[in-house]
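Hi there,

Here is the structure I promised to pass on to you. Have a look at it first, and then read my notes below.

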Amino acid sequence: HTKDGDLIVVAVGTANGVVLALDSTGVIWKSACHTGKVISLHFSKQGRVLITASRDGVICELDTWTGKSKDTLKALKK
């Protein structure tokens with residue numbers, strides 16, 4: 001957290017479906033909304049949301065402060 005309340009985070013997706021958020025102190029939260037390899041991570045423009053996608057066809061919308069899932073979407077197999 002910066003003095004003005006902003007959160008500075010780096011997000012990493014793993015081969016086993018875990019998404020980690022890290023700051024200068026280490027891991028701040030861990031999310032396991034995927035069962036397959038995380039293949040994509042995108043922060044929203046304001047940085048309040050992290051969208052993740054994985055090989056299991058699931059797209060997750062995560063809160064960047066808590067790591068809690070806001071929404072989940074299962075993609076079609078096509």
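**What I found**

Strand 6 and strand 7 (residues 69-74) run antiparallel and are joined by five bridges. Strands here are DSSP runs of E with at least two residues, numbered from the N terminus, and two strands pair if DSSP finds at least two bridges between them. In this pairing, C60 stands opposite T72 of strand 7. The two strands make a hairpin with five residues between them, and G67 in that turn has a positive phi of about 85 degrees.

A word on the source: this is a predicted model, where local features need pLDDT of at least 70, side-chain atom pairs count only at pLDDT 80 or more, and totals for chains, interfaces and linings use all residues. Residues are numbered from 1 along each chain as its sequence is written, and side-chain values use heavy atoms, leaving out hydrogens and water.

On its other pairing, strand 6 (residues 58-63) runs antiparallel to strand 5 (residues 49-54), again with five bridges. Here I51 faces E61 of strand 6. Three residues separate strands 5 and 6 in their hairpin, and G57 in the turn has a positive phi of about 85 degrees.

Now look for S31 in strand 3 (residues 26-31). Is S31 buried or exposed? S31 is buried, because its relative accessible area is 7%, and buried means under 20%, while exposed means over 50% and partly exposed is in between (1.4 Å probe, protein chains only).

Enjoy exploring!

Notes: Helices (H or I, at least four residues) and strands (E, at least two) are DSSP runs, numbered from the N terminus.
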